[in-house]
Amino acid sequence: MKRYGDLVAVDGLDLEVHAGECFGMLGPNGAGKTTTVEVFEGLRVPDAGEVEVLGDRWQGDGLRLRSRLGIQLQETKFPEKLQVREVVRLFRSFYPRGLDVEAILDLVGLQEKAGAHVRGLSGGQKQRLSLGCALVGDPDLLFLDEPTTGLDPQSRRQTWEIVENFKARGRSVLLTTHYMEEAARLCDRVAVVDHGKVIAQGTPKELIASLGAEHVIEFAVNESAASAIDPALLRTLPSVEEAAPNGTGWRLTVREVHRAVPALLATLAERGAEPTQLTTHHATLEDVFMALTGRMLRDG
Amino acid sequence: MAEPRVTATGGGSPLLELTRMRILELTREPEAVFWVFVFPILLAGILGLAFRSRPPDPLPVAIVEGANSEARLAALAAAPDLNARVFSVSEARLALTRGRVVLVVSDDAVPSYAYDPANAESRAARLAVDAALQRGAGREDVFTAVTAEVTEPGSRYVDFLVPGLLGMNLMGTGMWGIGFSLVVARNGNLLKRLIAAPARRSHVLGAQLTSRLIFLIPEAGALLLFAYFALGVPMRGSVFLLTGISLLGAMAFSGLGLLAAARPKTIEGVSGIMNLVMVPMWIFSGTFFATERFPAAMQPFVQALPLTALNDALRAVMLEGVGLVPLLPELATLAVWGAVSFVIALKIFRWQ
């Protein structure tokens with residue numbers, strides 16, 4: 001059963017998750033991430049194509065295969081009047097082997113809330129309960145669909161730590177997210193998804209490197225001078241790889257900020273344009289998505 | 001980080017755990033406890049009080065004022081079943097129209113009686129008034145019959161009502177109990193999550209039925225004990241048979257509840273279906289009054305309803321002490337409803 005390599009494969013989408021890695025599907029809301037994941041999870045039957053999970057195919061209820069998976073849906077409302085420990089205990093009963101209920105409560109940091117009703121939990125605690133229920137069967141492969149959507153930054157970090165600990169034990173994770181920080185921090189490899197298609201795939205580093213430059217400059221100028229600037233002009237500046245309008249301003253992908261900025265300011269002054277805003281940052285997965293689609297991830 | 005300890009024995013039986021979850025959920029819901037346990041007892045108590053047995057009221061009769069009214073009042077006063085008073089002509093008419101009296105005696109030398117022959121009380125009053133006036137005018141009775149008064153326990157309205165309330169409650173809790181919890185679980189993605197973690201579908205639904213049957217015992221028990229001890233409702237047949245019928249009834253309505261909840265994603269959706277199924281049975285199935293009141297043309301429909309079968313069977317056992325064999329048609333009706341709705345529900349059930 002230790003066939004490493006293709007843990008999960010989708011024919012046609014050519015998506016593969018390798019053993020021991022965290023694979024992320026990054027894309028805006030409505031990009032088809034949940035549908036794809038639910039096909040992997042055996043909760044949806046694909047119209048065409050084949051899915052292989054842990055060397056097995058979905059057939060019938062797939063109980064034997066499921067007992068090796070941990071599945072967290074985007075949102076699950078657990079019974080409000082049940083206590084946290086009771087919910088975990090219920091899910092433990094579905095798996096032939098797994099972790100102690102108390103061990104899970106420790107793992108997801110809910111030991112103090114063990115006797116509390118689900119109704120009284122915060123959003124972050126509910127999400128960790130859901131994560132605990134997905135981990136209770138000690139899965140080889142964990143599916144997480146938007147695990148931190150709607151959580152505050154602290155809850156988000158707590159969730160990330162739980163996933164990192166799971167990964168550290170050599171287990172595999174497939175997660176979907178529309179937060180590029182999440183993909184960058186947790187994922188060994190990322191598939192950028194838009195309109196149901198994978199538009200780029202690789203390690204976060206590779207994807208950022210594909211921009212051809214590591215830095216991004218965003219700027220805007222006073223309105224009267226805006227028409228004097230065009231992308232073709234900007235591309236001639238030293239160290240600039242790519243230039244594109246961005247809202248009311250422009251966005252440059254550059255190799256070296258210290259060479260591009262003085263040249264940019266000089267050019268603007270020549271054209272009589274006054275910069276009203278100028279920022280620079282390291283290129284992120286957000287910039288990759290922007291470069292590929294012309295849209296921001298959070299815009300959807 | 002230390003490797004967590006993995007065991008192959010830590011989990012309980014999934015069916016047991018799912019059932020436990022349902023029962024915990026229900027017992028922690030004060031509203032559910034009220035509707036399941038308190039409401040039927042309250043209803044039986046209130047209706048029992050409203051329709052309690054009393055000695056019959058004397059019949060109110062009007063005597064029209066005039067030359068003969070004094071003598072007639074004296075003659076009617078001798079009859080214990082009558083409550084006669086003297087009215088003016090117009091008052092007497094009005095009292096009769098409004099139902100405050102059931103008969104008016106005129107002031108003519110030979111009296112005439114005004115009454116509604118369709119009203120049983122008026123007809124009884126006519127006989128009693130005529131006999132009392134004839135006797136007052138000097139008629140001798142040829143003989144005096146001995147009367148034996150029989151009050152039949154088990155023939156009161158409340159005796160009729162209690163088995164019907166039990167049946168109605170089994171229907172209500174069976175359908176709502178199962179339907180609501182399934183739709184809430186579907187709506188919150190819980191059903192999907194349960195089968196995604198490998199819960200067996202049969203266990204998820206089986207737990208609903210098991211918890212339903214476990215709840216039946218205190219639910220039916222509370223109503224029956226209250227009816228027996230506080231209202232004096234008789235229990236003439238076998239308690240085992242009554243329990244068996246209740247179980248079968250609960251199963252049949254669980255099946256209908258499962259069917260009603262097989263598809264809807266919202267509480268509004270399932271509520272509509274539930275009401276569509278239950279309201280006709282509240283009316284037609286003889287909970288509050290006998291099904292014989294409906295015209296013959298409707299009887300096949302009325303008798304085919306599962307609640308009619310359940311109510312008839314419960315009543316026959318409690319009030320008449322009927323055994324198993326004569327009730328087989330009713331039990332078969334329940335079994336067919338239960339089985340058919342189960343099969344269809346499983347076929348069309350939506351898990352997500």
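How many residues does the contact take from chain B and from chain A? It takes 31 residues from chain B and 36 residues from chain A. Two residues are in contact if their C-beta atoms, placed from the backbone, lie within 7 Å.

This is a predicted model: local features need pLDDT of at least 70, side-chain atom pairs count only at pLDDT 80 or more, and totals for chains, interfaces and linings use all residues. Residues are numbered from 1 along each chain as its sequence is written, while chains are lettered from A and ligands numbered from 1 in the order in which they are written.

**Stop 1: where chain B touches chain A**

Select strand S1 (6-7), helix H1 (14-27) and helix H7 (190-196) of chain B. Each supplies at least two residues of the side of chain B that touches chain A. Helices (H or I, at least four residues) and strands (E, at least two) are DSSP runs, numbered from the N terminus. H1(B) gives the largest share of that side, six residues. By class, the side of chain B that touches chain A has 13 nonpolar, eight polar and ten charged residues. Here Ala, Val, Leu, Ile, Met, Phe, Trp, Tyr, Cys and Pro count as nonpolar, Asp, Glu, Lys and Arg as charged, and the others, Gly among them, as polar.

S6 of chain A pairs with S1(B) in the antiparallel sense, over two bridges. Two strands pair if DSSP finds at least two bridges between them. Pick A:Gly98: its bridge partner in S1(B) is B:Thr7.

**Stop 2: the open sheet of chain A**

Which strands form the open sheet of chain A, and in what order? Four do, in the order S12-S13-S11-S14, with antiparallel pairing. Strand S12 (240-246) and strand S14 (275-282) of chain A stand at the edges with a single partner strand each, so one side of each has no neighbour in the sheet. From one strand to the next, the twist averages 15°.

Walk across the sheet. Six bridges join S12(A) to S13(A). Among the residues here, A:Ala244 has A:Arg251 as its bridge partner in S13(A). The hairpin of these two strands has two residues between them, and A:Gly247 takes a positive phi near 65° there.

Next, five bridges join S11(A) to S13(A). Then S11 (residues 215-221) of chain A pairs with S14(A) over seven bridges. Select A:Phe219. Its bridge partner in S13(A) is A:Trp250, and A:Phe219 stands opposite A:Leu278 in S14(A).

Finally, show helix H10 (residues 257-270) of chain A. H10 lies across S11, S12, strand S13 (249-254) and S14 of chain A, running at about 15° to S11(A). Axes are lines fitted to C-alpha atoms, for helices over the stretch in contact, and angles run from 0 to 180 degrees between N-to-C directions.

**Stop 3: the domains of chain B**

Colour domain 1 (14-51 + 156-348) and domain 2 (59-136) of chain B. Domain bounds come from an automatic or database domain assignment. The C-alpha centres of these two domains lie 51 Å apart.

**Stop 4: two crossing helices**

Select helix H3 (residues 69-77) and helix H5 (residues 120-136) of chain B. Their axes come within 8 Å and cross at roughly 115°. That makes H3(B) roughly perpendicular to H5(B) (65 to 115 degrees). The residues that meet include B:Ala71 and B:Leu76 in H3(B), and B:Val129 and B:Leu133 in H5(B). The residues of this contact divide into seven nonpolar, one polar and two charged.

Methods:
Parallel < 35°, antiparallel > 145°, perpendicular 65-115°, else oblique.
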